[in-house]
Amino acid sequence: MKKLWNYILQRLSIKLGLAIVLIVTVIFIISVGFLFALSKDYVRQSAVVRATQILDNTALRITDIMGEVETATDNIAWYVDGCQDPDSLIRDTREILLNNPHFHSCSISMEPNYFKRYGRYFSIYSVRDADSISTAQYGSDDFQYFQLDWYMKPQGLRQGCWIDPYLNTNPNAKYQTDVITTYSRPLFDRDGLFIGVIAIDLKLKWLSQEITSVAPYPNSSSIIIGSKGQYLVHPDTLKLIRQTIFSDPDPKARGKVDSLGKKMIAGESGVYQLVVDGNDALVLYRPVGKADWSMAIVCPEDDVYSGYNRLLYNVWLTVFIGLLVILLFCYQAIGGAISPLHLLAHQARDIAEGRYSNRLPKTSRRDTIGQLQNSFVDMQQSLSDYVSNIRLLNAQMEHRNHELLAANEKALEADRKKTAFLQDMMHQIRTPLNIIGGFSQVLNDSFHEMPADESKNIIQMMEENVRKIVRITRMLVGFASPKGHLAMTKDTFSCNELCREVVSNFRLTSPYTVKLRFETTLPDDFMICTDKQRVILILEELLDNANKFTHQGTITVACSQPDDQKLAITVSDTGIGIAEADRQMIFSQFAKVDLFTEGVGLGLPLSKRAAQRIGGDLVLDSESREGASFTLTIPILKSTT
């Protein structure tokens with residue numbers, strides 16, 4: 001080792017090479033370290049955004065299912081209130097399960113001695129068993145249902161509520177072997193007196209499958225806790241119901257887990273970092289639905305930063321190899337640059353020792369200054385090469401930084417667009433929901449005193465707003481599926497008959513100032529073979545847009561045959577039309593003329609995609625100057641007369 005050290009000290013080329021490599025190494029460490037620090041923060045933000053999106057979508061799915069349960073319960077409760085026919089209650093519980101395949105069971109339980117001919121107990125219970133539905137009457141001295149939580153809680157609150165998951169204690173309920181959660185709603189007679197409870201059950205196993213089916217990373221997991229912190233969904237099924245989030249935390253993270261549990265029980269949302277099973281993890285949590293539940297997705301940091309760590313290892317390996325190459329290159333280059341000095345030193349030693357036979361090699365300049373000058377030029381060129389290499393590396397890193405900044409800006413812009421879309425979608429859904437809720441309250445409060453015409457108008461308006469929600473939901477489902485949410489079918493039908501049916505079923509917003517007409521140049525027995533349901537959906541979307549922007553004049557649906565290969569259906573109106581600047585964007589997703597226009601900006605893009613799916617197309621007539629005119633072309637696959 002000492003000999004090696006002395007050799008290095010004696011070799012100027014090695015010392016200079018090591019010095020240059022040391023400088024380059026410091027620059028590399030500072031630059032690459034800063035770059036990877038920014039990259040790690042970006043990876044973490046991207047992971048949070050990705051997991052949050054999945055968490056929100058899953059929570060929305062659960063909320064929708066819970067909303068279906070509440071809606072089904074409320075819809076049947078107004079009919080059951082004050083009911084005196086036990087047979088109809090049996091039919092009602094079965095009807096709810098037949099119409100809602102997600103529901104596990106339904107029960108209508110009455111106050112003791114309500115139906116005297118049935119004795120003290122009367123509880124109708126229908127349960128789904130595979131593809132069949134079984135119905136039985138429960139209640140006995142061993143099973144006094146009116147003392148259970150799912151009966152007493154809505155009775156005390158006098159309103160519907162969710163019950164934390166539990167295992168049925170009815171010894172006679174042979175089908176009830178799974179943990180369930182229940183939505184219970186009290187029933188009242190016409191005098192407002194409590195008479196019983198209607199309850200709909202969901203399997204916790206089914207809910208767990210919905211939650212665990214989505215995972216942002218291979219080793220991520222999902223949990224749901226109840227109002228007291230008990231596990232409702234957990235990867236370890238032995239912990240369900242029996243344990244809480246406070247009872248089995250990792251000893252190293254006990255304090256943080258307790259804090260997280262309190263935040264989740266309090267209904268908060270956010271991101272938490274803690275140790276799970278001895279590994280660092282990100283926990284994203286938020287409340288679920290109207291129940292006192294909270295959902296969380298656990299993402300191990302090893303998964304979050306797996307790609308980042310692989311890149312980090314590869315970069316540092318590349319840097320290490322590059323430094324070795326630079327060191328070797330420095331040794332060769334500097335050695336060649338200062339070789340005349342070695343010859344000069346050797347010659348000087350020979351002269352000092354009295355050996356004069358060895359001579360310096362000849363150069364273009366015979367004097368010593370010329371030799372030193374040539375050596376300096378060589379060294380200067382070598383240093384210039386190194387400076388160029390360093391500048392090139394710096395330029396590459398700066399370009400990389402600009403690319404990362406641009407990618408970050410795109411991510412922020414995508415997040416802003418997502419937020420604007422979600423806000424707009426919630427507004428589009430909230431308005432009809434508020435209308436339906438208001439009218440349902442009016443019907444609930446004064447249905448019997450309300451004139452028939454007025455109640456009919458209210459029901460029609462509620463149905464219209466329900467159709468709006470269904471339409472928005474259909475567009476969102478269609479957008480989520482690249483090939484559309486409808487299966488491709490082939491139907492043979494009359495073009496004129498289809499158009500007349502769509503026109504007759506469509507309701508105008510301003511029927512007194514706008515007329516809806518149908519024109520055709522085709523015979524009534526002109527038949528085509530294509531996907532009938534997609535054609536209907538496209539025409540309904542075009543009529544809905546025309547109705548939305550036409551306040552006076554006419555809306556015309558016209559059928560024609562431009563040539564032997566295709567059929568054309570044109571929907572035109574005399575409305576406000578489409579500005580030249582907006583015509584290029586009308587078939588783009590989420591494109592709207594302004595933020596105040598009704599809709600989510602998916603109708604026309606999905607309609608065009610549906611038209612292309614059946615082999616046709618949907619185009620805007622650019623020559624139209626009065627109102628707007630859209631033409632749907634359909635290939636004629638089969639035509640008979």
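Which side chains meet in a salt bridge at 3.1 Å, N to O? The side chains of Arg 500 and Asp 524 do. The points below place this pair in the structure.

1. Basis. This is a predicted model, in which local features need pLDDT of at least 70 and side-chain atom pairs count only at pLDDT 80 or more, while totals for chains, interfaces and linings use all residues. Residues are numbered from 1 along each chain as its sequence is written, and side-chain values use heavy atoms, with hydrogens and water left out.

2. Five strands form an open sheet with mixed pairing, in the order 13-15-16-18-17. Strand 13 (514-520) and strand 17 (617-620) are at the edges with a single partner strand each, so one side of each has no neighbour in the sheet. On average, neighbouring strands of this sheet are turned by 15° against each other, direction ignored. Helices (H or I, at least four residues) and strands (E, at least two) are DSSP runs numbered from the N terminus; two strands pair if DSSP finds at least two bridges between them.

3. Strand 17 pairs with strand 18 (residues 629-635) in the antiparallel sense, over four bridges. Leu 618 is opposite Leu 632 of strand 18.

4. Helix on the sheet. Helix 12 (residues 495-505) packs on the sheet and touches strand 13, strand 15 (553-560) and strand 16 (566-573). The direction of helix 12 makes about 175° with that of strand 13. Contact means heavy atoms within 4.5 Å; axes are lines fitted to C-alpha atoms, for helices over the stretch in contact, and angles run from 0 to 180 degrees between N-to-C directions.

5. Salt bridges. The whole structure has seven salt bridges, each defined as a side-chain nitrogen of Lys or Arg within 4 Å of a carboxyl oxygen of Asp or Glu. In the pair asked about above, Arg 500 and Asp 524, Arg 500 lies in helix 12 and Asp 524 in the loop between strand 13 and strand 14 (527-530), so the pair ties together parts that are 24 residues apart in sequence.

6. Exposure of the pairs. Buried means under 20% relative accessible area, exposed over 50%, and partly exposed in between (1.4 Å probe, protein chains only). Arg 500 is partly exposed at 38%, and Asp 524 is partly exposed at 48%. Lys 263 and Glu 268 form another salt bridge, with the closest N and O atoms 3.8 Å apart; Lys 263 is partly exposed at 28% and Glu 268 partly exposed at 35%. Asp 531 and Arg 534 meet at 2.8 Å, N to O, and both residues are buried.
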